[in-house]
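Visitor: I am new to this structure and would like to learn how to read it. Could we take it one feature at a time?

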Amino acid sequence: MHTITLPKAVCFDLDNTLYSYQPCNKAGMAAVYLKLYKNFSLEESKSSILFSEARKQIKQKLGDTAASHSRLLYFQRMLELMGLNAQVSLVLDLEQTFWRAYLQQAELFAGVKDFIYALRARNIAIAIVSDMTAQIQLRKLMHLDIDGLIDQIITSEETGHDKPHPSMFTLALEKLGTEPAETWMIGDDFERDVQGAIACGMVGVFKGEHAAPAAPKYPDFRVLPSFEYGVKLVEGAGG
């Protein structure tokens, strides 16, 4: 990616691409486990086992869809596994507890805003292409204070399929009004983000120091080691 022609649009994955997912998820689950301990004297180790089983069952039932990521469904099933009947207020409380603690930990990676500013200065459109339900992804964008920098948003709730399903990328192209070859897709998941985009004719860009091992079955892809590097790349590139 040393000498490039800039795209007309750049699509970003959100979770673990623009910010670090694990610390946020850890904080959210810690808050939930604490509430369960206070309500039921349930030790964290037991809560963790129940949650993992609930999550597995929901994902097996729903497959690669936005709803398969729903913490509301995870916590509802978790309480059912505890032998409890419908606990409407508690399920809602656990979900809000999770996301409140999650968002408190969410911070953009260094250079994200500068990279987006550099792209926008070149009249390059920006889209978010993300698995998950729309509402929480919109909340994340607002919390991260980049909602005003995004031109289009595509979630798997809108398409009915998670990445790497083609509908995620074709809808992004439709909304952006760009051709695949002039559109980048930047993400941290090699198969879902990079390979999925390349399969639709887009330019796949892996966000990270190292990508998955190159193999004959993998088409060419690009690597963005950091967003600071991306700023220099854009500022020094041809049109």
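Visitor: Is Glu235 buried or exposed?

Guide: This is a predicted model, and the values are computed from it. Exposed means a relative accessible area over 50%. Glu235 is exposed because its relative accessible area is 57%. Glu235 lies in helix H10, which covers residues 227-235.

Visitor: How far is Glu235 from Glu174 in sequence and in space?

Guide: The two are 61 residues apart in sequence, and their C-alpha atoms are 27 Å apart.

Visitor: Which residues of helix H8 are buried?

Guide: Start with the general idea. An α-helix has 3.6 residues a turn, so residues three or four places apart point the same way. In H8, residues 166-176, the buried ones are Ser167, Met168, Phe169, Leu171, Ala172, Leu173 and Leu176.

Visitor: How many helices and strands does the protein chain have?

Guide: The protein chain has 10 helices and 6 strands.

Visitor: How many disulfides are there in the whole structure?

Guide: A disulfide needs two cysteine sulfur atoms within 2.5 Å. A search of the whole structure gives 0 disulfides. Cys11, for one, is in no disulfide: the nearest cysteine sulfur belongs to Cys200 and is 11 Å away.

Visitor: Why is Cys11 called buried?

Guide: Buried means a relative accessible area under 20%. Cys11 is called buried because its value is 0%. Cys24 is also buried, with a relative accessible area of 1%. Over the protein chain, buried residues make up 46% of the 239 residues.

Visitor: What radius of gyration does the protein chain have?

Guide: The idea is to compare the radius with that of a compact globule. For 239 residues such a globule would have a radius of gyration near 18 Å, and the 19 Å of the protein chain agrees with this. Along the principal axes, the C-alpha atoms fill a box of roughly 60 × 30 × 30 Å.

Visitor: What share of the contacts joins residues 24 or more positions apart?

Guide: Such pairs account for 66% of the contacts with a separation of 6 or more in the protein chain.

Conventions:
Residues are numbered from 1 along each chain as its sequence is written. This is a predicted model: local features need pLDDT of at least 70, side-chain atom pairs count only at pLDDT 80 or more; totals for chains, interfaces and linings use all residues. Side-chain values use heavy atoms; hydrogens and water are left out. Buried means under 20% relative accessible area, exposed over 50%, partly exposed in between (1.4 Å probe, protein chains only). Helices (H or I, at least four residues) and strands (E, at least two) are DSSP runs, numbered from the N terminus. The radius of gyration is taken over C-alpha atoms; the globule rule is 2.2 Å times the number of residues to the power 0.38. Contact means heavy atoms within 4.5 Å.
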